[in-house]
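Please open the structure in your viewer and keep the selection tool at hand.

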Amino acid sequence: MYQATKAIKKVSPICKNGLKSTSSLYINTNCKMPIRNYANANPSNIASTTFANTPMGVFADQLFLQPINPATIRPITDLKVDTKNSLKKKFDRAYLKKDEWKNVPLEEKKNMIVKFRDLLIANTDKMSKDLTEETGKPISQAKNEVLAVIDRIEFFLNNVDKVLAEQIVRTTDKFQEKLVKEPLGIITNISAWNYPIFIGLNVIIPALLTGNCILYKPSEFSSLTGLNIMQFLHEAGIPKEVFQVVLGKSVISQSLLNLPIDGVFFTGSHATGQKISQTLAGRMVKTQLELGGKDAVYVHSSADLRTAVASIADGAMYNNGQSCCSVERIYVDKSIYNTFIDELVEVIKRFKFSFDPMNPKTYFGPLTRGMAQVEHLQRLIGSALKRGAILELGGNVIDNAPGYFFAPTVISNVHHGMDIQREELFGPVVTVQPVSGPTEAALLMNDTPFGLTGSVYSQDPHVANYIAEKSNTGTVYWNSCDRVSPYLPWSGRGYSGVGATLGMEGIECFTKPKALHLFGPTMGYFGEATTSDIVPTKPAALVEILKNKQEEKIQYQDNFELPLAPVYNFDIMDLGYPIENKQLFVPDDQDQNEEFVRSKLQSGVIRKVSSKKDYVPVNSIKKDDD
């Protein structure tokens, strides 16, 4: 069905039976199509910015933004990017507006977000069309993204009150302890292109509701979607100074980070996240990084194979595999290994492939990032095949394709000495490796610096619990994969990032706590004494012990007619503050004693020498001459 080449340049083809093919041109002997070395295509086949040949040379690529339709490799429009000066003006506008926005009543903010939600629904077709045109996402999947984000918006609307509510921790006759949440201030959201509506609004909606101003930089591959989001937010009543879009590429992102911002929320690759972390090091700026994954699935011999295959195939290939939680590694018990591969290939073959992402029946679209992704996948696949991997399906770009279309690919007989098992793929490619059982599967699943998701398919709950317990990931699935719920936090470990979006944690992260210790002007000023659930109730025995100790303390204090300053027995080399009575201080004299100091304090001969020190050093006090 797929008009795909079955070999990678300079790779010895391997058939499924493990023998070398008699043809140097084809991986599968039933495939008789010429190799298309797409990575070496003539640059004239690739539409680039109309400014590429300006005197500015390569740097001109950073000065202008021209979205390209990856399905046709044709320019969509020209966009004006931000400069350092325009960025500074946007920040200044946000800075002058942040206090006013912070004090807008929450109900007013919520009403604006409700209007924005309704505008999204009313403009689903426009949002979907622009998203498909600039990213290549099939139109049906684009519509799914627009409509599915409504549940996330509803979650934020229904739960932001709980996060922002004042918490009275403790009230007594004398004082009250209270916790309040305040917005971070001005944050920047550097977002991703693969799910720009999901990922963008995961940050934008809770950040606005909690009172923050946002400088939002969409990916250069999804700028039109970013502009649509801004348009509908402004139409819904969000002030223009509160939410502003920043357009550009890596240079403008760096400029964003150089501003005196109060928080950075980034979604993208581990490499870029690492650079952002290094750039912000030492500035004490709230930083949240949602990075990549090397998501693994274990299929136990007890699994419902038909259901598991259908779920995993979709989890690996949906959105062309361009998701941080797409399945990239599959570990299968040896007893069902061959059967699983055969069924997986058959299911993937039934997914609709078309060169027209606007066709509602299309399942596979083009690679959004174009040649960079194509060459990345070719390198990893070619390297694996050289080391003995077997190509079960696909393996290269689609022949005679008008854009960056890559064949859905299944590779077996892999091991962890191959780069394909170590590096993130981010394309319609999945590997299958046999394992002896849950113990080996858990070890291999964790043999990665990433830690985003892990899945297990099994009818045995003991196996499922074992994998869930051993999985070093932020999310674990049982008999499912590649799904996100607004009601649970979405977080990663290791190379997959720090922080969380969604869930209650995904609202709280846009606030900072302020503890209030309030002592009223009169007894009982704050009303009836109360305590919250976080204040522990002391056991009766402990209460009695503390009461006795308190009485001992009172009795000790009553033994003295005057309160004494604490006495410390150490030398003073350099006081570091002005002395009122310098004649009191002389070189060390070891004959000084505590009784002498007390007598001088009681007689009033010694005055307090500093407001910064409420004690008198023993060895520095001069005795009266007898």
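Begin by selecting helix 13 (residues 438–445), which lies across strand 12 (295–299), strand 13, strand 16 and strand 18 (453–457). Contact here means heavy atoms within 4.5 Å. Helix 13 runs at about 175° to strand 12; axes are lines fitted to C-alpha atoms, for helices over the stretch in contact, and angles run from 0 to 180 degrees between N-to-C directions. Helices (H or I, at least four residues) and strands (E, at least two) are DSSP runs, numbered from the N terminus.

This is a predicted model, in which local features need pLDDT of at least 70 and side-chain atom pairs count only at pLDDT 80 or more, while totals for chains, interfaces and linings use all residues. Residues are numbered from 1 along each chain as its sequence is written, and side-chain values use heavy atoms, with hydrogens and water left out.

Seven strands form an open sheet in the order 14-15-16-13-12-18-19, with mixed pairing; two strands pair if DSSP finds at least two bridges between them. Strand 14 (390–393) and strand 19 (475–478) are the edge strands, each pairing on one side only. From one strand to the next, the twist averages 20°. Now select strand 13 (residues 327–333) and strand 16 (residues 429–435), which pair in the parallel sense over five bridges. Within this pair, V332 stands opposite P434 in strand 16.

Move on to helix 3 (residues 106–122) and helix 7 (residues 223–235), whose axes come within 8 Å and cross at roughly 130°. The two helices, helix 3 and helix 7, are therefore oblique to each other; angles under 35 degrees count as roughly parallel, over 145 as roughly antiparallel, 65 to 115 as roughly perpendicular and the rest as oblique. Show the side chains of I113, F116, L119 and L120 in helix 3, which meet I229, F232, L233 and E235 in helix 7.

Helix 6 contributes P196, I197, L201, I204 and L208 to the contact, and helix 7 contributes T225, I229 and L233.

Finally, select D92 and K88, whose side chains meet in a salt bridge (2.9 Å, N to O). A salt bridge is a side-chain nitrogen of Lys or Arg within 4 Å of a carboxyl oxygen of Asp or Glu. D92 and K88 are four residues apart in helix 2 (residues 84–102), and so are separated by about one helical turn. By this rule, the count comes to 20 salt bridges.
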